There are 2 protein chains.
Amino acid sequence: MAAFHPLAASRVRISPLLLPAATAAGAGPASASAAVYAHRRRFAAIVATAAAAPAAATGFDFNAYMGERAAAVNRALDASIPADDPPASLHEAMRYALLAGGKRVRPAVCLAACALVGGKEAWAMPAAAAVEMVHTMSLVHDDLPCMDDDDLRRGKPTCHVVYGEPIAVLTGDALLSLSFHHMARADSYPPDVDADKHPARVVRAIGELARCIGSEGLVAGQVVDLEMTGSTETVALDRLEYIHLHKTAALLEASVVIGAILGGGSDEQIERLRKYARSIGLLFQVVDDILDVTKSSEELGKTAGKDLASDKTTYPKLLGLEKSREFAEKLLSDAKEQLSEFDQEKAAPLLHLANYIAYRQN
Amino acid sequence: MAAFHPLAASRVRISPLLLPAATAAGAGPASASAAVYAHRRRFAAIVATAAAAPAAATGFDFNAYMGERAAAVNRALDASIPADDPPASLHEAMRYALLAGGKRVRPAVCLAACALVGGKEAWAMPAAAAVEMVHTMSLVHDDLPCMDDDDLRRGKPTCHVVYGEPIAVLTGDALLSLSFHHMARADSYPPDVDADKHPARVVRAIGELARCIGSEGLVAGQVVDLEMTGSTETVALDRLEYIHLHKTAALLEASVVIGAILGGGSDEQIERLRKYARSIGLLFQVVDDILDVTKSSEELGKTAGKDLASDKTTYPKLLGLEKSREFAEKLLSDAKEQLSEFDQEKAAPLLHLANYIAYRQN
């Protein structure tokens, strides 16, 4: 039997690792049932329609879109930290962590949400850079020896491996504060923002960003994740979802919502995009869990099979690989439903981003 | 001879440890010179005038003032972190670190600056809480085993001793983000703020707070401090000042400036108060260095003599204890000069705060 992957309809690169890994992760005999096969065919058809149709109708080039945003965000990030100013060692570590590549998914959804509600992307660029700074901070701190103790990230040695643990802690702190500084500075924004409404939008956006980091967001997810890792019992599904909603979805949610706020979106638009983002945020993590058991370290650019090795509870472990994929399908469908109220041509980037998150290979 | 202390004029509690510690710290023979004695008398006279006069003229009760602000700030801090909401372990650690007492000097100067420029103190209360959160974050992270490795703070075991290193790192991150969340939320502020001007003031204030934390503030100071600690050579005075201006003065500066911004101060008033704050910020650290070599752990509520034990460069080590005190006097005088342009009755709190920072015993 061929290993199922939603991308099978349009791309042929199916990892031969998929099947053995699925078995190892406990997908079990259910993965071969007739119902699952029927479901696969139906999903593949949905995917082929949803993903291909807008591209055909609008000529939307997703790879070019993402490439242009990543390049623009990288320029903003590069300009945000001076290479040579003292303290040079800190700036070097911040730049090492921040400019290590990465897919810039969060900045991209931030810019896309801003444009979708009628704003100019440039209005959200400081926020797009800020969410990437926050994301990088969380990676640097989560990778620390006292936390997840990871020595490979985005294909490179982690910050503390290169610069030592004290500088890694401080690099995270500096990136976190820089994110707010960058969003608050008037000179981060182009002159064509609405002078009357801009400060209130920035305050609201900063509030969203701050909320998604601490005990209602990233940090809460990491704390519960750490508690779970130390435990021998399997974690219940609702607790796993809590972790991912906080550890992953919260920042994606903030990225989208902030973009919509800075773009001048209505409260209804903002809340609709918030739901979209929560779905793709959870989707992101479900897919991450799946990739961890189905891909090699080389393919991922970070240590693969780590969840399995550490006996971490993941969606594949809890649901099996097939049910995890069904759940991913449901989340993708929920996300797309939220976009259905917007102009479909304008929604193309976020639609493709949802597909991208669902079907990415690393 | 009697050990000199500025407080000698008004308070009699002079530690018998002062003299031996001064010698140990390298104050040397110069401390007994006639010039120093003359200088001491002159300084004591200045102090007696400056500190006592406003109190006599205005009936200003500094202890009551500080006690009331500390109580109000503690209430705001207590309300800012739910005790029982999940993740309970994180909230408990945040509350442990944040509500451990402390003198609440930074919140007090923030509130005082707001009132001095004509604002209501309540307008600056969210910022006063925020600067204390940032201060606590920096303590929690600086105390980590991989940093200063301190196990006693404010008379209690440090956060990582009680909750472990991962939670301590995350507690700092959560406090840092909470500070911005607290400042950005509309419901942090009373309804009588100027609706038109408030958002712009908050954005500007958040920018000041964010700037003072990262590579232009606290973190920069800690990085250079760590580099210095690992080195066998004595650090030059300008580098020591860099450390203190960043590690200590930056947050005091932000506290005062943010208070003045939220109070609706003019740019000229804000810049005057910025200079005041930089002086008392540096003063704070010079006095801290002096206290470290002249006080016991019990008196300080934290490990005393640590700078000496770790051969850390301090003002007493570099200048001797007497010159360090002369420098403190100069800084106090500079700070007071900036206040001379304001209504003296209204400036009483910041005047007394400067004296307090100069003459505190722990």
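## Symmetry of the two copies

Copies are superposed by least squares on the C-alpha atoms of residues with pLDDT of at least 70 in both. This is a predicted model. Chain A can be laid on chain B with an RMSD of 0.0 Å.

Which C-alpha of chain A is nearest the axis? That of Pro199(A), which lies 2.7 Å from the axis. Both copies use the same surface: 100% of the contact residues of chain A recur in chain B.

## The interface between chains A and B

The size of an interface is often given as the accessible area lost when the parts come together. Between chain A and chain B, the buried area is about 3400 Å². Carbon and sulfur atoms give 78% of that area. The contact takes 43 residues from chain A and 43 residues from chain B.

How many salt bridges are counted between chain A and chain B? The count is 0. Polar contacts are present: 8 residue pairs are counted between the two chains, with both residues at pLDDT 80 or more. Five helices of chain A each supply at least two residues of the side that touches chain B: H4 (88–98), H6 (121–142), H8 (165–184), H9 (198–211) and H10 (218–229). H8(A) gives the most to this side, with 12 residues. By class, the side of chain A that touches chain B has 29 nonpolar, 9 polar and 5 charged residues.

Over all chains, the whole structure holds 45 salt bridges. One of the pairs joins Lys120(A) to Asp192(A), with the closest N and O atoms 2.6 Å apart. This pair links distant parts of the chain, 72 residues apart. Lys120(A) sits in the loop between helix H5 (105–116) and H6 of chain A. Asp192(A) sits in the loop between H8 and H9 of chain A.

In chain B, the loop between helix H8 (165–184) and helix H9 (198–211) holds Ser188(B). A polar atom of the Ser188(B) side chain lies 2.6 Å from the backbone oxygen of His182(B). What does Ser188(B) touch, leaving aside its neighbours within four places in sequence? The contacts are Pro126(B) and His182(B).

## Backbone exceptions

Most residues other than glycine have a negative phi, and most peptide bonds are trans. Several sites here depart from that pattern. The peptide bond from Pro86(A) to Pro87(A) is cis, with omega near -5 degrees. Pro87(A) is in the loop between helix H3 (62–80) and H4 of chain A.

Chain B has a cis peptide bond too, between Pro86(B) and Pro87(B), where omega is about -5 degrees. Pro87(B) lies in the loop between helix H3 (62–80) and helix H4 (88–98) of chain B.

Asp149(A) is not a glycine, yet its phi is positive, about 50 degrees. Asp149(A) is placed in the loop between H6 and strand E1 (152–153) of chain A.

## The annotated coiled-coil region

The unreviewed UniProt entry places a "coiled-coil region" at residues 318–345 of chain A. How much of this span is helix in the model? The span is 86% helix and 0% strand. The end C-alpha atoms of residues 318–345 lie 38 Å apart.

Notes
Residues numbered from 1 in each chain as written. Chains lettered and ligands numbered in written order. Heavy atoms only, no water. UniProt positions renumbered as here; feature names shortened; annotations may be inferred. Helix = DSSP H or I, 4+ residues; strand = E, 2+ residues; numbered from the N terminus. Contact = heavy atoms within 4.5 Å. Buried area = accessible area lost by both parts, 1.4 Å probe. Salt bridge = Lys/Arg side-chain N within 4 Å of Asp/Glu carboxyl O. Polar contact = N/O pair within 3.5 Å; in protein donor to acceptor, adjacent residues only side chain to side chain. Nonpolar A, V, L, I, M, F, W, Y, C, P; charged D, E, K, R; others polar.
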